[in-house]
Each structure stands twice: as C-alpha cells, then as structure tokens.
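Subject: Structure for your review, with notes on helix packing and strand pairing

Dear colleague,

I am handing over the structure below, followed by notes on what was found in it. Please read the notes with the model open beside them.

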Amino acid sequence: MDVSQVGSYVDKIKEFTLKNKVAVAAAVLVLGVGYQVYQSQPKSLVAAVQVEFTGYDGFGELSYDSKEIQRIAYRSAGFNKNQTEDLVNQDAVVLSEVYADASLGQKYQKAAAMISSVSYKFDKRSELSNGDKVTLTVKTSSSKSPIKEESKEFKVEGLKKTETISTKALLEEYPVTFSGFNNYGKVELPEDEDGYDFFTVSGKKSN
C-alpha cells in the first residue's frame, strides 16, 4: 500500500467521522459508561489469586499471592496500574507522594478501608496430599466492597512422592558410632547435612 492509498483511507475516516458526529459521540459515551459500570462491579479475588503447592505428598504446603487483594482495592480506588504496583510493593517515594497530595491521600484511605473490609482464608494449608481439595472462602463486611463474597475449591497436585529407605540402607549411609570407655560409653547418632539427628526428635544439636 503506497502513501496515496493511506491518505485516501485517512480522508474516508475523517469524512465518516464528520458525517456521523452524533453516532461517534454516542458510541464513545456508551463505552465510557460501560467501563465505569464494569469498574464499579465487585471483582473476583478467587479467580485472580495464584495458588502453589510445594513439598512432599502427605506433607505438602500451600502458598499464594497475598497482595492480589491490594491490587484490586488500589485500582478500584482510582490508582492506575503503575501506581498500584508501586503501592503494593511499598515504594517509599510513591508513598511520600500519596501522603503529600490530598486527592491521592483520599484514594489511599479508601483503598485501605476496602482492604480491611475483606477477610479470606483457606480451610487447610499444610499436611496436604495430592488429590486433596482445598477451599478458599472470601467474605466482606461492606456492601460497597470491590471484592465479591465467594468461595473456590482448588485441587492439590504436583507434590513430590515420598521415598522410603530400609533401616539397613540408612545405617550404611549414616552409621551409628560409639565412643568412650567400657561402662561409660555413649552413642553418637548420625546427622543430616543440616545438623539434625536421624533417630531423635529433639531437634538440632548444639555445639
């Protein structure tokens, strides 16, 4: 497509816009109102939160991004995307700007109120096994909360399989030794790489 063709298309767009000013203005107004309505609707925290399962099958643990509720609150209060991420990450410079600007300060206070009005929890976060079901429940104390009251079930998966080892093999790798004199001897229990006894539950040895 050459320059003359591009210019022709631009002229046609201008001509259409001039002839249909009312229609274009109405369309822009509808889009603007629609966006405002969408922004005012409560958002789903359970749809946005990222859940991760780590550890071994039967001893797994759940972790998640606890900052998502802050992102929703800051955006709902009127902060843009960049400001929101800076506030979530507690950027000292941005926070000083917020405290120094009355309008930003009001938005920040509104977001803080939104955050405090929401509570959420998982019914189980530890000692998890592959196939377990974990439920996240979200509740709010405000009728104007930016976050929906809802719940979502997550299936535990991806945990490592536990490995078993025989006593004989364990002792071959980590042998028990004896020290001292007859009638005054003592057992020296093996330790792992972190300094913990294999055969006691008393914890790490002190030097």
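How are H4 and H7 oriented to each other: roughly parallel, roughly perpendicular or oblique? Before the answer, a word on the basis of these notes: this is a predicted model, in which local features need pLDDT of at least 70 and side-chain atom pairs count only at pLDDT 80 or more, while totals for chains, interfaces and linings use all residues. Residues are numbered from 1 along each chain as its sequence is written, and side-chain values use heavy atoms, with hydrogens and water left out.

Helix packing

Helix H4 (residues 68-77) and helix H7 (residues 102-116) pack with their axes 8 Å apart and at an angle of about 140 degrees, where axes are lines fitted to C-alpha atoms, for helices over the stretch in contact, and angles run from 0 to 180 degrees between N-to-C directions. H4 and H7 are therefore oblique to each other, given that angles under 35 degrees count as roughly parallel, over 145 as roughly antiparallel, 65 to 115 as roughly perpendicular and the rest as oblique. Helices here (H or I, at least four residues) and strands (E, at least two) are DSSP runs, numbered from the N terminus. The crossing of H4 with H7 is right-handed, a crossing being left-handed if the near helix is turned anticlockwise from the far one by less than a right angle, and right-handed if clockwise. On the H4 side the contact (heavy atoms within 4.5 Å) is made by Ile69, Gln70, Ala73, Tyr74, Ser76 and Ala77, and on the H7 side by Lys107, Tyr108, Ala111, Met114 and Ile115. By class, the contact of H4 with H7 holds eight nonpolar, two polar and one charged residue; Ala, Val, Leu, Ile, Met, Phe, Trp, Tyr, Cys and Pro count as nonpolar, Asp, Glu, Lys and Arg as charged, and the others, Gly among them, as polar.

H4 also packs with H5, where the axes come within 9 Å and cross at roughly 135 degrees, which makes H4 oblique to H5. This crossing of H4 with H5 is right-handed, and it brings Gln70, Arg71, Tyr74 and Arg75 of H4 to Lys81, Thr84, Glu85, Leu87 and Val88 of H5. The residues of the contact of H4 with H5 comprise three nonpolar, two polar and four charged.

For helix H6 (residues 92-100) and H7, the axes are 5 Å apart and the angle is about 105 degrees, so H6 and H7 are roughly perpendicular to each other. Leu95, Glu97, Val98, Tyr99 and Ala100 of H6 make this contact with Ala102, Leu104, Gly105 and Tyr108 of H7, a set that divides into seven nonpolar, one polar and one charged residue.

Strand pairing

Strand S1 (residues 51-54) and strand S2 (residues 61-64) pair in the antiparallel sense over four bridges, where two strands pair if DSSP finds at least two bridges between them. S1 and S2 form a hairpin with six residues between them, and glycine 55 in the turn has a positive phi of about 105 degrees. Glutamate 52 has serine 63 of S2 as its bridge partner, while threonine 54 has glutamate 61.

Three further strands are described by an open, antiparallel sheet in the order S3-S4-S5. Its edge strands, strand S3 (118-122) and strand S5 (150-155), each pair on one side only, and neighbouring strands of this sheet are turned by 15 degrees against each other on average, direction ignored. S3 pairs with strand S4 (residues 133-140) over five bridges; here phenylalanine 122 stands opposite leucine 136, and valine 118 has threonine 140 as its bridge partner in S4. Six bridges join S4 to S5, with threonine 137 opposite serine 151 in S5.

Confidence

The mean pLDDT (the predictor's confidence in each residue, from 0 to 100) is 78 for the protein, and 68% of the residues reach 70 or more. Confidence is lowest in helix H2 (residues 21-40), at a mean of 48, and highest in helix H5 (residues 81-88), at 95. Over residues 28-39 the pLDDT is below 50, and beyond near neighbours in sequence this stretch has two contacts in the model. Residues 201-207 also stay under 50, with ten contacts in the model beyond four places in sequence. Where pLDDT is low, the predicted coordinates should not be read in detail.

With best regards
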